[in-house]
Every structure is written in C-alpha cells, then in structure tokens.
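Biologist: Before I use any of the labels in this model, I would like to hear what stands behind each of them. Please take them one at a time.

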Amino acid sequence: MPHDSERPDPIDELKALTSRAQALGGEASEERQHKQGKLTARERIDLLLDPGSFSELNLFVESRATDFGMDARRSPGDGVITGSGYVNGQLVFVASQDFGALGGSLGEMHAEKIVKMQELAMKAGAPIVTILDSGGARIHEGVLALHGYAQIFHNNTQASGVIPQISIIVGPCAGGAVYSPAITDFVFMVDGLSKMFITGPEVIKAVTGEDVTVEELGGGAVHSSTSGNAHFLAKDERECFAMVKKLLSFLPSNNLDDPPLAETPEWPPDENPELDGVVPAEATNPYDVRDLITNVFDDGDFLEVHADFAKNIVVGFARLKGRPVGVVGNQPTHLAGVLDIDSSDKLARFVRFCDAFNLPLINFVDVPGYLPGTQQEYGGVIRHGAKVLFAYSEANVPKVALIVRKSYGGAYIAMSGFGLGYDRVLAYPFAEIAVMGPEGAANIIFRREIGEAEDPDKVREEKIDEYRTLFAKPYTAAKYGLVDVIIEPRQTRGALIRALEMTAHKREDRPRKKHGNIPL
Amino acid sequence: MDAFIPAILLTIIGMGVVFGSLIVLMAVILLLEKFVGSGPQEADPGAVEQEAATKGDDMELVLAAAAGYFLETERPEVYVPPVRRGADSLWARTARQGHPIQRRRP
C-alpha cells in the first residue's frame, strides 16, 4: 500500500510496536526470571502449545491507572499474555502472567484481558489453562483490581463443569489470587518454585505468633500432600507442562463433546495372567492398588491425581480400549484403604469432574469402611462422607464397580452399592460384602453366646468363621442380584471393557432443578 | 633443604619400582598369550548371519533406540499418546440453541 514518505511506514510501525509489546518486561526482567530458575511468560506458552499455534489477544492493552506514579510505569500487555493455541491439536485458551512486568500484579486491564479470554473460551467450548506468577492485586489500582478478581472468579464458576479449567502455579500466588485456582478443576505446582497462601509468614507471625517459612506455608510439597490444594506436583516447569499436556489428552474440550480416543495398544491382553498374583486373598495383607490398575488399563498408563494427598484412595485417569475413564481405587497400603475426611473430599471432587466431562467411572473396591475416631467425627466425617454418596448418586456417566476384596458398611454403599445407581457391579471370588468385618459382626450378633461360653475365645473364633463363611464370599450378594458378575482376576480387563461397551451410550435423566445441595 | 634431595630420590625410586613392575607384568602377559592363550578367533560368518536373522526384532529395537537417542525422540518421562477427537462437535451443533453469554460490565 502506498504511503506518505513523511510518515512512518505503517507496516514498520506495526512491527516495531509489536516487538516492543511482545518484550513485556524486557531483557532485564527475562534475566531476572532466569536467575530465579523460572521461565518467562512467553517461554511458558511456547512450552505448552504446539509450535507456531499461538494467537495472542490484546497485545497492546495497557493500564489506564495514573495514581501513585502508575502513568510512568505502564507496561505493554499489562503484565499478562492471553490468547489461544493448540495442545496436541486441541484448541485451548491461555493466560500467562509475567512476573517481570509490574510483578505480574493484577490491575483493571490485566484482569480485563483474562476475563475476555475466559469468555471466548466459554463461547468456543475449549479448555482454559491459566499460568499464574503474580504478586497479587495491584494496590495502586485499588478497588478496580479487586473488581477484576471478582470477574475472574465469576467466570471460573460459570465455566466450571462446562469447559475444563487448569491452573499452573509457577511463582507466587497470594491473597485473593488463590481463589481462582481453587475454583478451577486442576492445580499444578512446581516443587521449590510455586508458593500459594492467603496470608504470608509475616502476617501469620503477627497474628498467631507462629514461625513458618514460605515453603512450609505454601510450597508445592505442602499443598500436594497436606492441604490437597494442588493436584499435581512437578519437579520442574518442563515436567509440569508435559503433565498438563498429558492431562488434556484425557479430557474432552467441553461438557458436550466426547473424550478423545487413542489407539488400543497390544498390552495388556483382555485376559492378563499377571493379575492373578496382585491381590492377596487374605483380607489383611496389603497390596498396592496401582499394581492392579496398571495391569488392567491400556499400556499400563495411569495419570494419578492427588498422588500425595489422602493416599488411602487412588484416583486418576487411564484408558480402556482407547477410551478415557476415571479410575478410583481404595489403597490398602495406606490406612487399609478406609474412607476418611480427606479421602472423601478427594474422591467426591474427582467423581463430579468425571461426571461433568463424560468420563465413565471404574471403582476398584477394597474398603473396610469409614475411619472411626473422635478426630474424624469432630472433623465432620459424616458431612464429608456424605459428599461421596452425593457425588456418585448424582453422576450419570457409566459407573462400574469391581469388588476386589472387601466392601463393608457405608463405604460399600458409596463405592459399589447397586442402590446408588451403579450400572455394573463385578466381584472377585474372594470378595467380602457385609455390613462390617467378620470379627466385629460376630462380636455383636453372638455377644450372648460368646459371653456365656466356657471358652469365649474359642466360641468367638467359631462364630467369626460362621459369619465369614456366609458373607466372605460374593455369592450371597450375587444371589440377591447385588453383584452381577463374579470373575477371576485375570479376566478383569475383558470384563471391564464389556461393562463399558454395554453402558457407553447410557441415558439416565435427573429431575429438573436449579442445582443440588451437596453437603459442603 | 636437607630433606629435599632424599625426597626427590625417594620419588624416583618409588616411580621406578612401579614402572618396573608394570613392564615386568606386561612381559608376563605377552609371554602367556604366546604360549598358553589361543588369541582372538576368526568369527564364523555363517553363525553371525544366523544370529542376526533370528534376532531381527531386537535389531529393530536397538536401531530405533539409537535413532531415538540421536533425534531426541525417545519416549519421554511423561508420555502422551496420540489421540483423535470427534470431528463433529456436539458443542458446535447445539451452540446456536442456547443463549449467548452476556458480558458483565461495571
């Protein structure tokens, strides 16, 4: 296009302005990030997305603030990069905060960019990945910064259950900023790099007198194991982004689409003899339920969610004949696989996610019940345990339970009870299904006989055996139609494939309502 | 300074003993190889060919691993298998039936 020679060439001007805007905080900030062992906002996007697929939004947006010297401190992009791109061919929307520009702090226009990206993602029905590395609200912009957070939280909530939302914490995330990740579906943290807390160590020291370091308070290790706020912990940023890509490979783009399919691998076979030796028949002998899972699902590939939190339950994603499923298993190596407050929360949230995004649920049940004790009762195990019942009852994706060894009491109802709406309940021949374990049951039912006996211990043993003979086999439940197939361990994969094929297109309507009232 | 000359002498004697021992050892090995050892045998070309033919699959794996190493395309620690998504998105089909998202403004 011809142009006036007195004026700068518009194309050159565009290139110059684009280059300046893309530099964000500039070379100095890039160097600072690298010195701290961190990547820049743009490097992170490059790591996440397929090469050359990023389309940036609002590159030229700048802060409108003028108070407290902000007119002299404007930064192109206002400290955040937003846009869309592809991850292994799947459209995703991205926001990446740039700590090098105004500390990645969230002001009015910074928030506006994120909000716009969220709205576009909801229109497009595509997942959102937010990369957080921010000092928090930009104090200079006052209530406008808070209003920005409010809009982001509102959109996080609107998008919940509609499109998958993933948060990656790769720096500080403090104060109000923590609530956006907390609302999203999955939170990734990097060991030694990520920090997330509502109030910092100084405030805690002033208010409660406690001495705590930043890492002890809000590091990746503590959130992935103790608080459960983080679902995944990576050793570095590269591993973190690789894990995000892996997670996305299991997920549909939105709540209406089907999950993506993979090729069916050669291993494991539908009848896998290796499974025969995994589960000891003796109810008190522990085994790692992950050994069972990796011998059943495609290629032994299992992406565990919350691997270090509430270890008595294992949840995660795997594929069965190429189709993604949500996998749940009680973990006998940790607290004998009981359900307690934390494991109930972990399980219920996972079940609700799978239900929202059309991922069938497969349970490997080996559960002695809910954990007894005052700590649990005072902590509200009733309320938390009820979440599991609510989540499974509410879910209308295919639900399949395999009773591996024992399934007792309320935990039986939650994890394998036909009455809760399970489509298929399978069991191994040595499965025990009862209100409680044989020891406890015999002591209650035969209290008088045991008490009056000349040799109470001998009678107790006899009664325990009697109870075990009746209920320590799955045939009683099968007789009542509460177990519909009894299989050998080696047949597990084939049986689960058939169960899923049978229920793949199930329809199960629910009464129309605004929403249920899950016991939070 | 008095200790310097004995130290040098000691070093030379020590090194001499070590090198001398090594030379003797080398001579012993050469003599043993000459009189006792059978030396490297000539490979039977037929046997090699047969082995290569029966282990064809392993060879492919070895070659693939070597190529993967040099091209940095080995299976990474976090493996993501290729997946395919449905071309016909129910989201897209039903999009026009719903209500457009209303943007909230201050």
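Modeller: Start with A:Asp509 and A:Arg507, whose side chains meet in a salt bridge at 4.0 Å, N to O. This is a predicted model in which local features need pLDDT of at least 70 and side-chain atom pairs pLDDT 80 or more, while totals for chains, interfaces and linings use all residues. Residues are numbered from 1 along each chain as its sequence is written, chains are lettered from A and ligands numbered from 1 in the order in which they are written, and side-chain values use heavy atoms, with hydrogens and water left out.

Biologist: Why is the contact between A:Asp509 and A:Arg507 called a salt bridge?

Modeller: The term asks for a side-chain nitrogen of Lys or Arg within 4 Å of a carboxyl oxygen of Asp or Glu. The N to O value for A:Asp509 and A:Arg507 is 4.0 Å, so the pair is counted under that rule.

Biologist: What makes A:Asp509 buried or exposed?

Modeller: Buried means under 20% relative accessible area, exposed means over 50%, and partly exposed is in between, with a 1.4 Å probe and protein chains only. A:Asp509 has 63% and is therefore exposed. A:Arg507, with 72%, is exposed too.

Biologist: What ties A:Arg290 to A:Glu304?

Modeller: Their side chains meet in a salt bridge of 3.2 Å, N to O. Because A:Arg290 lies in helix 11 of chain A and A:Glu304 in strand 11 of chain A, the pair ties together parts that are 14 residues apart in sequence. Helices (H or I, at least four residues) and strands (E, at least two) are DSSP runs, numbered from the N terminus. A:Arg290 is partly exposed at 31%, whereas A:Glu304 is buried at 14%. A search of the whole structure gives 35 salt bridges over all chains.

Biologist: Why is A:Asp133 called buried?

Modeller: Its relative accessibility is 0%, so A:Asp133 counts as buried. A:Asp133 is found in the loop between strand 4 (128-132) and helix 5 (143-159) of chain A.

Biologist: What makes the link between A:Asp133 and A:Lys38 a polar contact?

Modeller: A polar contact is a pair of N or O atoms within 3.5 Å; within protein, one must be able to donate a hydrogen and the other to accept it, and residues adjacent in sequence count only if both atoms are side-chain atoms. The side chains of A:Asp133 and A:Lys38 are joined at 3.0 Å, and those of A:Asp133 and A:Arg44 at 3.0 Å. A network of salt bridges links A:Lys38, A:Arg44, A:Asp133 and A:Glu237.

Biologist: Why is the pair of A:Phe317 and A:Phe353 called edge-to-face?

Modeller: Rings of Phe, Tyr and Trp (its six-membered ring) pair if their centres lie within 6.5 Å; planes under 30 degrees apart count as stacked, over 60 as edge-to-face and the rest as tilted. With centres 6.1 Å apart and planes at 70 degrees, A:Phe317 and A:Phe353 are therefore edge-to-face. The pair links distant parts of the chain, with A:Phe317 in strand 12 (residues 313-320) and A:Phe353 in helix 12 (residues 341-356) of chain A, 36 residues apart. A:Phe317 is buried at 0%, and A:Phe353 is buried at 7%. Both belong to one aromatic cluster, which also includes A:Phe250.

Biologist: How do you know that A:Arg319 lies over the face of A:Phe250?

Modeller: The rule wants NZ of Lys or CZ of Arg within 6 Å of the ring centre and within 35 degrees of the ring normal. A:Arg319 is at 4.1 Å from the ring centre of A:Phe250. The charged end of A:Lys399 sits over the ring of A:Tyr422, at 5.8 Å from its centre.

Biologist: What joins chain B to chain A across the interface?

Modeller: The rule finds 2 salt bridges there. B:Arg84 forms a salt bridge with A:Glu263, with the closest N and O atoms 3.2 Å apart.
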